[in-house]
Amino acid sequence: MKWFNKQFLLYGILSVVLWSTVVSCEKKDDGTSDVVELLSFGPAGVKHGDDIRIIGNNMDKVTAVEFVSATVEKAGFTSQSREVIVLTVPQAAESGQIRLKTAQGDITSKAIINFEVPVVIADVPLSAKPGDNITLKGEYMNWINEVWFERGVVVTEFISRSHTELVLQVPLQAQSGRVVFSAGGTEPLVIESEDSLHLALPAITEFAPNPAERGDELTITGTDLDLVEGILFKGLTAPLTEFVRKTETEIVVTIPEDANKGAITLVSYSNVHVESEAGLELLGGLPPLAPLAAVFYDDALQNGWQKWGGWGGGSADIDNDDNVRDGDKAIKVVFAGDWGGALQMGGGNAATTGSTHLVLSILGMPGTADKELNVIIAEGVQTIVTITEGEWTEYLIPLSDLGSPEVVSGFTLQDRGWSGTIYVDHIGLR
């Protein structure tokens, strides 16, 4: 274990005057009082198993001393006189007020006692499932007041605590990683586990039916599916969190009307995304596109075409599978609203012989309805297209609108002063 505060020996007698409850005002014949008074105790920073001195008046009338979570009866005192009681601090004693038990009544200190506590973490499980209870072992485990998991998830309430064991429930939001313990005492400690705690994640075995129709119920089978907070379909910006049914081994969910084909993703309560290996195929989807005579992009850049730097603050991801028109990949383009050429391609030098149109398909995401793009194939050679939001649209741009070039050697999409996201697929000549 890593100790962040190793040495913190604090010794010396605690001389704080502690006002006690006066339970009797009778005086003896010699003028002395029978009142039991608690005046002080010490030393400060005493350890469990060490002797502590409790000083006052009429201490010989005390029948027991109560600490938080521990009591020492009169028979267990090391020594007792009218002025002082000496006893060994029990291992179970915790920080707090002490109480003297007398025939006259209880006397409670106003000050609290604290201890120098050498907390030791001896055993942390290597694996667990969020939501289950785990047992952590060591010494002075009852002094731990916080347990931290990855993602800043903290536990402050425990199933049980004892000198040697701490039992807690692993939060659903916790992620795998090292566990950090915060302990109290005269010098608080922060201790990190040597090994990481591996937490279970949901996993998909299969889903059916596949192909399916939008609006159908999809049954997902797997393991630890009770850890799923949401399901993300391609085409959705946020996970679906309403289920027809959810158990540890099965989830039934209705396929949203705006879902697209592709892998489905389980989103755990800990916000870890687990993607299926197989893709969901949807019936009644868009018809296949006609083949291209010269391909610029279809699942990947082809025929010598390359992604160039572009300009402005936007970006283009040519290997994206969030939303796909045909095949398995498309280009995700994010415009920054600065008239930037976020997607710029070159190097293909596609001959236009036998072709009549430049072709591309675009899906506009929320906020892009009726926004305009410049489609540029060379300096000063461009045309404008208008985006349709929420559905794939194929654009057939007559080459005559682009100056009837013999060769197309460049392709750029430029925003016209607006910001937003689109997906582009199936680019080429036809």
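In this predicted model, the count of cavities of 30 Å³ or more comes to one. The largest cavity holds about 40 Å³ of space. Its lining is formed by Pro130, Leu172, Ala200, Leu201, Pro202, Leu227, Ser268, Tyr269 and Ser270. By class, seven of these lining residues are nonpolar, two are polar and none is charged.

**Pockets**

Open spaces are considered next. The largest pocket has a volume of about 540 Å³. A set of 26 residues lines the largest pocket, and Arg214, Asp258, Ala259, Asn260 and Trp392 lie nearest its centre. Strands β25 (260–268) and β32 (357–364) each contribute at least two residues to the lining of the largest pocket. That lining comprises 10 nonpolar, seven polar and nine charged residues.

The second largest pocket contains about 220 Å³ of space. Of the 15 residues that line the second largest pocket, Lys261, Gly262, Ala263, Gly279 and Asp328 lie nearest its centre. The elements giving two or more residues to this lining are β25 and β26 (273–280). The most is given by β26, with six residues. Four nonpolar, four polar and seven charged residues make up the lining of the second largest pocket.

The table sets out the volumes of these spaces.

| Space | Volume |
|---|---|
| Largest pocket | about 540 Å³ |
| Second largest pocket | about 220 Å³ |
| Largest cavity | about 40 Å³ |

**Nonpolar cores**

In soluble globular proteins, nonpolar side chains tend to be buried together. The largest nonpolar core of this model has 49 residues, and Ile54, Phe67, Val119 and Phe149 have the most contacts inside it. Beyond its neighbours within four places in sequence, isoleucine 54 is in contact with Leu38, Ser40, Phe41, Met59, Val65, Glu83, Val84, Ile85, Leu87, Ile98 and Leu100. Another core, of 32 residues, lies apart from the largest one; Leu360, Leu402, Val424 and Ile427 are among its members.

**Residues in loops**

Histidine 48 is located in the loop between β2 (37–42) and β3 (51–57). Is histidine 48 buried or exposed? Histidine 48 has a relative accessible area of 7% and is therefore buried, the cut-off for burial being under 20%. A polar atom of the histidine 48 side chain lies 2.7 Å from the backbone oxygen of alanine 93. Not counting residues up to four places away in sequence, histidine 48 touches Val89, Pro90, Gln91, Ala93, Phe115, Val117, Tyr140 and Trp143.

Tyrosine 140, one of the residues touched by histidine 48, sits in the loop between β12 (133–139) and β13 (144–150). With a relative accessible area of 8%, tyrosine 140 is buried. Its phi is near 55 degrees, a positive value in a residue other than glycine.

Aspartate 224 occupies the loop between β21 (217–223) and β22 (228–234). Aspartate 224 counts as buried because its relative accessible area is 17%, and the cut-off is under 20%. The side chains of aspartate 224 and lysine 129 are joined by a polar contact of 3.2 Å. Residues up to four places away in sequence being left out, aspartate 224 touches Lys129, Ala200, Leu201, Pro202 and Glu248.

Two loop residues are exposed. Alanine 103, in the loop between β8 (94–102) and β9 (107–108), has a relative accessible area of 84% and is exposed. Its C-alpha atom lies 7.7 Å from that of threonine 63, although the two residues are 40 apart in sequence. Proline 288 lies in the loop between β26 and β27 (294–297) and is likewise exposed, with a relative accessible area of 72%. The C-alpha atoms of proline 288 and aspartate 326 are 7.1 Å apart, while 38 residues separate them along the chain.

**Backbone features**

Glycine 42 and proline 43 are joined by a cis peptide bond with omega of about 10 degrees, and proline 43 lies in the loop between β2 and β3. A cis peptide bond with omega of about 10 degrees also joins asparagine 210 and proline 211. Proline 211 is placed in the loop between β20 (203–208) and β21.

Asparagine 349 belongs to strand β31 (residues 343–351). Phi of asparagine 349 is near 50 degrees, a positive value in a residue other than glycine. Its relative accessible area of 51% makes asparagine 349 exposed, the cut-off being over 50%.

Key. Residues are numbered from 1 along each chain as its sequence is written. This is a predicted model: local features need pLDDT of at least 70, side-chain atom pairs count only at pLDDT 80 or more; totals for chains, interfaces and linings use all residues. Side-chain values use heavy atoms; hydrogens and water are left out. On a 1 Å grid over the protein atoms alone, a cavity is a set of points where a 1.4 Å probe fits but cannot get out, and a pocket is an open set with protein on both sides within 12 Å along at least five of seven lines; lining residues have an atom within 4 Å of a point. Grid points are joined across faces, edges and corners, and a volume is the space filled by probe spheres set on the points. Helices (H or I, at least four residues) and strands (E, at least two) are DSSP runs, numbered from the N terminus. Ala, Val, Leu, Ile, Met, Phe, Trp, Tyr, Cys and Pro count as nonpolar, Asp, Glu, Lys and Arg as charged, and the others, Gly among them, as polar. A nonpolar core is a set of buried Ala, Val, Leu, Ile, Met, Phe, Trp, Tyr and Cys residues joined through side-chain atoms within 4.5 Å. Buried means under 20% relative accessible area, exposed over 50%, partly exposed in between (1.4 Å probe, protein chains only). Contact means heavy atoms within 4.5 Å. A polar contact is a pair of N or O atoms within 3.5 Å; within protein, one must be able to donate a hydrogen and the other to accept it, and residues adjacent in sequence count only if both atoms are side-chain atoms.
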